[in-house]
Amino acid sequence: MKNKSLVSITDYSKEDYLEIIRVASEFEKNPIQDILRGYVVATLFFEPSTRTRLSFESAVNKLGGRVIGFTDVVTSSVQKGESLKDSILTVANYSDLIVMRHPIEGSARFASEISKVPIVNAGDGANQHPTQCLLDLYSIYKTQGTLENLNIAMVGDLKYGRTVHSLIMALSEFSPTFNFISPDELRIPLEYKVFLDNKGLKYYEHTELEDALHYSDIIYMTRVQKERFSDPIEYEKVKNAYVLKNSMLQNTKDNMKILHPLPRVNEISTDVDTNPKAYYFHQALNGVFTRQAIISKILGVK
Amino acid sequence: MKDKTLSVSAIKEGTVIDHIPANQLFDVISILKLDKINTQMTFGTNMLSKKLGRKAIIKIEGKFFEVDEINRIALVAPQAKLNIIHDYAVTEKWVVEVPEEIIGIAKCVNPKCITNNEAVVTKFTVIDKEKVALKCRYCEKVTDRQHLVVI
């Protein structure tokens, strides 16, 4: 992983996932370490994403590194019409690693080809967000004690949700069974079903939320966004059908945990928040440890 | 059949590209950059063909293609055949083959892809040679034959 960019979750192997999990759990036990002293990490956010940026900056700061960068294009020379190429070539002179988020898909891969320092993709449009995927893996591992042979329910927007797609790719290395629960309009794309078929993995599709909850180890919730529907009436019909309520959790497994990449709107009722099976806020904290692990491995200090 | 033999043997040294779909002739010319070649060339199009309906043919004097170079046209003319001519006779026949990787020929179908927004050369992995499905190295979206646009 040393000096290698992380653009897409498939840039890492199964062994890499497990190594990130191992190092992240080290950081969880001992999050303040002075191992990045003298290192500069650039966070280039060509579109705002406060949560992701703060998580990265917190990770670097806790390890004694310094952060430079911008939080949106208004305060950068992109506003003056600078190309991505020029921005990357310039910032690569000032930093040891670049964390970037950009609305254009493929921008991070392109940056990794031209940059002399490694790139960590913090989201390129609807394409990839690999550090979110790794923190999801870490959260699953931590709550279940393993990644192998789990029963994973994915709920909501399975068509456009990039976190869902990346997680399917990553978990496919660990013999999972998937239950995909979504409205018809937002079903899991064919290419992922073909991928799972080729790997000989089991998956089931449902339209009713409660169908698969009682035998799941993980319920991965996502937001059903209004703008994804061509017909607003269709949205009105389904918007309340995929809301997880505390009363639905009665017959679920003891080890079951609920994950959500956040931000949540109304798809998890607030009465779930105090249920010990709700894990989404802790999941966000795991993001810091996971990003500490990713940055340390790439910079070669772990 | 006699006419075809005549037209093929009409060049002394060079290459004849046959079985190009008639509506793809200009894409083939552009992919092979034939507009930059100074030797004698003949283009025929809308010729009747049992296989393709209407086909086009290109005859280029004094030009021999590398395999990589010629396979680039497989995207738009997957059934194209090459006749290599020496001293008015066909000495070799090739069929084109869709390559593993396509660089800088096709446009990515995704308007939000970096290759459609900044000066970046397109790169695709061919994930289905028969149906021609190209996966973009950058945005990871798949461009199929129906949406294929030659740059």
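1. Overall dimensions of chain B. The radius of gyration of chain B, taken over C-alpha atoms, is 16 Å. A compact globule of 151 residues would have a value near 15 Å, so the figure for chain B agrees with that expectation; the globule rule is 2.2 Å times the number of residues to the power 0.38. Along its principal axes, the C-alpha trace of chain B spans about 50 × 30 × 20 Å.

2. Basis of the note. This is a predicted model, in which local features need pLDDT of at least 70 and side-chain atom pairs count only at pLDDT 80 or more, while totals for chains, interfaces and linings use all residues. Residues are numbered from 1 along each chain as its sequence is written, and chains are lettered from A and ligands numbered from 1 in the order in which they are written.

3. Make-up of chain B. Chain B contains three helices and nine strands; helices (H or I, at least four residues) and strands (E, at least two) are DSSP runs, numbered from the N terminus. Along the sequence their pattern is α-β-α-β-β-α-β-β-β-β-β-β. Of the 151 residues in chain B, 34% are buried. A residue is buried if 20 or more other C-beta atoms lie within 10 Å of its own, exposed if 12 or fewer, and partly exposed in between, with C-beta atoms placed from the backbone. Contacts require C-beta atoms, placed from the backbone, within 7 Å. Among contacts in chain B between residues at least 6 apart in sequence, 59% join residues at least 24 apart.

4. Chain B is divided into domain 1 (2-95) and domain 2 (101-147), with bounds that come from an automatic or database domain assignment. The centres of these two domains of chain B, taken over C-alpha atoms, are separated by 26 Å. In chain B, four strands form an open antiparallel sheet in the order 6-7-8-9, where two strands pair if DSSP finds at least two bridges between them. Strand 6 (101-103) and strand 9 (142-144) of chain B are the edge strands, each pairing on one side only. Strand 6 of chain B is joined by three bridges to strand 7 (residues 123-128) of chain B, and the two run antiparallel. I102(B) stands opposite F124(B) in strand 7 of chain B.

5. Contact between the chains. In this interface, 13 residues of chain B are in contact with twelve residues of chain A. The side of chain B that touches chain A has six nonpolar, three polar and four charged residues. Here Ala, Val, Leu, Ile, Met, Phe, Trp, Tyr, Cys and Pro count as nonpolar, Asp, Glu, Lys and Arg as charged, and the others, Gly among them, as polar.

6. Domains of chain A. Chain A is divided into domain 1 (9-129 + 287-299) and domain 2 (131-284). Their C-alpha centres lie 26 Å apart. The contact takes 18 residues from domain 1 of chain A and 17 residues from domain 2 of chain A. Helix 1 (14-29), strand 4 and helix 9 of chain A each supply at least two residues of the domain 1 side, and the largest share, five residues, comes from helix 1 of chain A. By class, this side of domain 1 of chain A has nine nonpolar, six polar and three charged residues.

7. Helix 4 (residues 107-114) of chain A is mostly covered, with six of its eight residues buried. Those buried residues are S107(A), A108(A), R109(A), F110(A), A111(A) and S112(A). Their cover includes helix 3 (84-91), strand 3 (97-102) and strand 4 (119-124) of chain A. Helix 7 (residues 190-199) of chain A, by contrast, is hardly covered: one of its ten residues is buried. Just after helix 7 of chain A, G200(A) takes a positive phi of about 70°.

8. A cis peptide bond, with omega about 5°, joins L262(A) and P263(A); P263(A) lies in the loop between strand 9 (257-259) and helix 9 (280-299) of chain A. S175(A), a residue other than glycine, has a positive phi near 45° and lies in the loop between helix 6 (162-171) and strand 6 (177-181) of chain A. S175(A) counts as partly exposed because it has 14 C-beta neighbours inside 10 Å. Y88(B) is not a glycine, yet has a positive phi of about 70°. Y88(B) is placed in the loop between strand 4 (81-86) and strand 5 (89-95) of chain B, and counts as exposed because it has 11 C-beta neighbours inside 10 Å.

Terms used. Two residues are in contact if their C-beta atoms, placed from the backbone, lie within 7 Å.
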